[in-house]
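Here is a friendly note to read alongside the structure. Take the points in order, and keep the viewer open as you go.

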Amino acid sequence: METTPENDNLTSSAVGQSGPVGSGVDSSAPMLLSLRDITKSFGAVQALQHVDLDIPAGQVTALIGDNGAGKSTLIKTVSGIWAPTSGSMYWQGQEVHVHTPRDATHLGIATVYQDLALCDNLDIVQNMYLGREDTKVGLLDEISMELATTKTLKDLSVSTVKSVRQLVGSLSGGQRQAVAVARAVMRESKLVILDEPTAALGVSQTAQVLDLIKTLSSHGIAVLVISHNLNDVFSVADRIAVMYLGTLVSHGPIANYDRNSAVEMITTGKSDRVAALAASN
Amino acid sequence: MLKRFRRGDSGMIPIVIGLIVLAAYFQIRSSVFLSTGNLTNLMVQATIFVLLGIAEVWLLLLGEIDLSAGFNAGLAGAIAVILVDQQFHWSWYFAVGLALIASTGFGALWGFLVIGLRLPSFIVTLAGQLGLEGLVLWIVDSQGTGGSISIHEPVLYNIVYGDFTPLFTIIFIVVTVLGLSFSLVRTNASRASRNLESVPMLLMLLRIAGLVIGGGLLIWIFNSNRGKFTPIHGMPFAILIVGVVLGACTFIMNKTKPGRYLYAIGGNAEAARRAGIAVNRYRLMAFMMTGLISGIAGLVYVSNLNGISDSINGGTLVLYAVAAAVIGGTSLFGGRGKMVHALIGGVVIATIYNGMALIQLGAPQQYIATALVLLGAVTIDSLARRGSTIVK
Ligand SMILES: Nc1ncnc2c1ncn2[C@@H]1O[C@H](COP(=O)(O)OP(=O)(O)O)[C@@H](O)[C@H]1O
Ligand SMILES: [Mg+2]
């Protein structure tokens with residue numbers, strides 16, 4: 001068994017300091033998830049290069065970065081869609097090897113992908129429970145699944161779907177997002193990963209998803225959310241991680257960032273303001 | 001019902017109407033068509049299309065196909081016929097067992113090639129069709145009986161030519177109707193008791209009435225005397241085989257996880273994989289089920305033909321089987337279909353086949369009529385779907 005990797009290093013070269021930073025994180029507790037030196041190549045394309053990232057339990061970490069920065073690639077690596085080319089991953093302090101989505105699910109990682117990954121030919125209940133159906137004497141227990149689905153959607157105040165027996169192929173983008181999020185929530189996960197959950201949503205549905213993210217973290221569930229929208233990020237995130245051209249250039253408590261520095265990090269990969277804020281905190 | 005039709009879930013209403021029109025036409029042209037004897041005959045003729053159709057639905061749901069199913073059936077039939085007769089004299093159950101192991105094994109082989117080597121099932125099973133045709137010809141011709149072997153063993157013979165007694169026929173059909181009605185009512189009642197959307201009473205009664213009338217008709221058809229010289233009554237054993245296979249497959253698809261997963265994989269294989277489903281294991285299972293049921297179809301087929309010959313046309317049989325599934329409403333692109341589609345489609349094809357022979361039209365007209373029905377069925381289905389919001 002490997003020892004716990006050291007917590008919470010700001011990886012930004014602009015910061016140039018190490019050691020625990022920030023007030024929100026107890027640096028003695030093991031991180032829920034730690035990535036060390038993760039690299040992922042697609043042939044000649046180096047989509048991820050030497051990524052180090054720590055995700056503490058019960059907090060919302062926002063992963064930001066320009067298009068093509070490698071955000072989706074990073075979460076797909078964590079979720080077992082593919083194995084990293086090299087590097088290691090620690091779950092609650094222990095090294096783990098996540099090679100399939102099933103491995104990730106077993107750890108307690110639930111992911112809502114940008115492409116949602118729902119089956120259009122199945123109804124909402126069937127999608128919510130896909131891969132973990134309730135059974136009674138070995139047979140599908142439709143009634144209990146339908147009741148629980150209805151309850152979950154109600155808890156998340158998703159009121160726009162007419163029937164939970166509607167085929168998912170007939171839902172709007174926002175409704176599909178709601179189903180996908182609800183599905184992740186239902187799995188009693190320790191870490192819920194959301195890839196651009198609000199990208200396709202209108203104002204009120206975006207607010208609902210943000211509320212949902214806050215609800216999750218208040219229940220002690222860690223959330224890793226990718227977003228392009230800095231308003232969303234600053235309204236829900238406890239921590240920020242910035243990616244730039246496949247490298248993770250900076251991560252730390254949200255207090256170390258402001259809007260301008262975040263934009264600077266996203267577009268250029270560095271910011272003196274972050275260093276200054278980190279130093280003053 | 002109109003709403004369901006527009007939703008693209010048109011059910012089998014159009015095709016059932018089509019079937020009634022066909023039956024009316026044949027009855028006008030030949031008064032024998034709707035006789036109980038001919039209807040029993042028609043149902044026996046349908047068994048091969050229905051069974052092979054069910055075999056294909058397993059793969060069509062995944063967007064795959066097995067073009068070898070006809071000759072896989074032929075091979076299973078040939079193995080059984082040869083082992084019970086001629087020089088071997090095996091007991092029927094060993095012969096049938098080995099035949100089904102062989103057909104399931106070939107299904108598994110295609111599955112391994114498709115999944116393991118990522119080859120298209122169309123090509124793998126096209127090669128399989130040619131290979132199995134060769135194998136069938138080889139083992140049939142090598143018996144030295146001039147290219148055909150007939151059945152002398154009573155169990156194989158009686159699959160089609162043996163009948164339940166009229167009393168057993170009644171008991172079997174009544175129990176089936178009662179069982180289905182009971183499960184309909186029970187499901188609906190337990191949904192209603194938890195305030196879930198349930199079927200209105202009137203529709204429920206209509207469905208049960210439909211089951212009772214259908215069961216009554218079957219009892220009347222099977223139990224009327226259809227013998228010319230000596231009286232013949234009762235339901236042929238082959239019908240029971242179709243019923244059991246259809247019932248079991250429908251049950252697996254609707255009530256068990258593997259069934260649910262096959263739909264999911266057919267709809268979006270990547271989503272199924274991300275949901276933690278062992279996609280390849282279920283795909284392999286579908287290939288094996290296709291092989292197994294093709295084998296069962298082969299046993300019924302050789303019983304009906306009273307033997308096996310080297311002129312068996314497994315290529316045409318499999319196309320009829322795919323046509324049966326599609327006429328019933330199963331999609332070729334995966335994710336959408338039901339086992340019962342093979343029943344409806346198989347009966348439609350047998351009706352054309354049977355009716356055309358009665359009014360003394362030959363094979364050319366029969367092929368053309370089947371072609372028109374197939375085109376008609378997919379057109380109606382596609383039009384119904386276009387008005388719907390369902391993507392596939
Ligand atoms: N499956 C893949 N095959 C090849 N290249 C990929 C694949 N997925 C992502 N990439 C590449 O990796 C880089 C990062 O992509 P992505 O992670 O989707 O970015 P983001 O989500 O941050 O917009 C891009 O250059 C993209 O083209
Ligand atoms: Mg992305």
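1. Let us begin with the surface of chain A. Its accessible surface comes to about 11500 Å², and 51% of that belongs to carbon and sulfur atoms. Please keep in mind that this is a predicted model.

2. What is chain A built from? Its secondary structure comes to nine helices and 12 strands. The chain has 281 residues, and buried residues make up 56% of them. There is also a figure for how the chain folds back on itself: among contacts between residues at least 6 apart in sequence, 65% join residues at least 24 apart.

3. Now look at ligand 1. Which residues surround ligand 1? They are A:Phe42, A:Ala47, A:Asp66, A:Asn67, A:Gly68, A:Ala69, A:Gly70, A:Lys71, A:Ser72, A:Thr73 and A:Trp82. Sorted by class, this shell has four nonpolar, five polar and two charged residues. Helix H1 of chain A, residues 71–78, gives the most to the shell, with three residues.

4. A polar backbone atom of A:Lys71 is 2.8 Å from a ligand oxygen. For A:Gly70, the distance from a polar backbone atom to an oxygen of ligand 1 is 3.0 Å. A:Ala69 has a backbone N or O atom 3.3 Å from an oxygen atom of the ligand. Taken alone, ligand 1 exposes 550 Å², and the protein buries 61% of that.

5. Is A:Thr73 buried or exposed? A:Thr73 counts as buried because its relative accessibility is 12%, and buried means under 20%. Leaving aside neighbours within four places in sequence, A:Thr73 is in contact with A:Lys40, A:Phe42, A:Ala47, A:Leu48 and A:Trp82.

6. Over in chain B, find B:Thr40 in helix H3, which covers residues 36–60. With a relative accessible area of 2%, B:Thr40 is buried. Which residues does B:Thr40 touch, not counting residues up to four places away in sequence? The answer is B:Ile221, B:Phe222, B:Arg226 and B:Pro236.

7. B:Tyr93 sits in helix H5 of chain B, residues 92–116. Its relative accessible area is 49%, so B:Tyr93 is partly exposed; exposed would need a value over 50%. B:Tyr93 and B:Leu156 are 63 residues apart in sequence, yet their C-alpha atoms are 9.8 Å apart in space.

8. Next, two backbone angles to check. A:Asp37 is not a glycine, but it has a positive phi of about 55°. A:Asp37 lies in strand S1 of chain A, residues 33–42, and counts as partly exposed at 38% relative accessibility. B:Gln360 is not a glycine either, and has a positive phi of about 60°. B:Gln360 lies in the loop between helix H15 (339–358) and helix H16 (363–386) of chain B, and at 71% relative accessibility counts as exposed.

9. Finally, the cysteines. How many disulfides are there over all chains? The count comes to zero. A:Cys119 counts as buried, at 0% relative accessibility. B:Cys249 is buried too, with a relative accessible area of 3%.

Definitions and conventions:
Residues are numbered from 1 along each chain as its sequence is written. Chains are lettered from A and ligands numbered from 1 in the order in which they are written. This is a predicted model: local features need pLDDT of at least 70, side-chain atom pairs count only at pLDDT 80 or more; totals for chains, interfaces and linings use all residues. Side-chain values use heavy atoms; hydrogens and water are left out. A residue is near a molecule or strand if one of its heavy atoms lies within 4 Å of it. A polar contact is a pair of N or O atoms within 3.5 Å; within protein, one must be able to donate a hydrogen and the other to accept it, and residues adjacent in sequence count only if both atoms are side-chain atoms. Accessible areas come from the Shrake-Rupley method with a 1.4 Å probe; for residues, only the protein chains shown count as cover. Helices (H or I, at least four residues) and strands (E, at least two) are DSSP runs, numbered from the N terminus. Ala, Val, Leu, Ile, Met, Phe, Trp, Tyr, Cys and Pro count as nonpolar, Asp, Glu, Lys and Arg as charged, and the others, Gly among them, as polar. A disulfide is a pair of cysteine sulfur atoms within 2.5 Å. Buried means under 20% relative accessible area, exposed over 50%, partly exposed in between (1.4 Å probe, protein chains only). Contact means heavy atoms within 4.5 Å.
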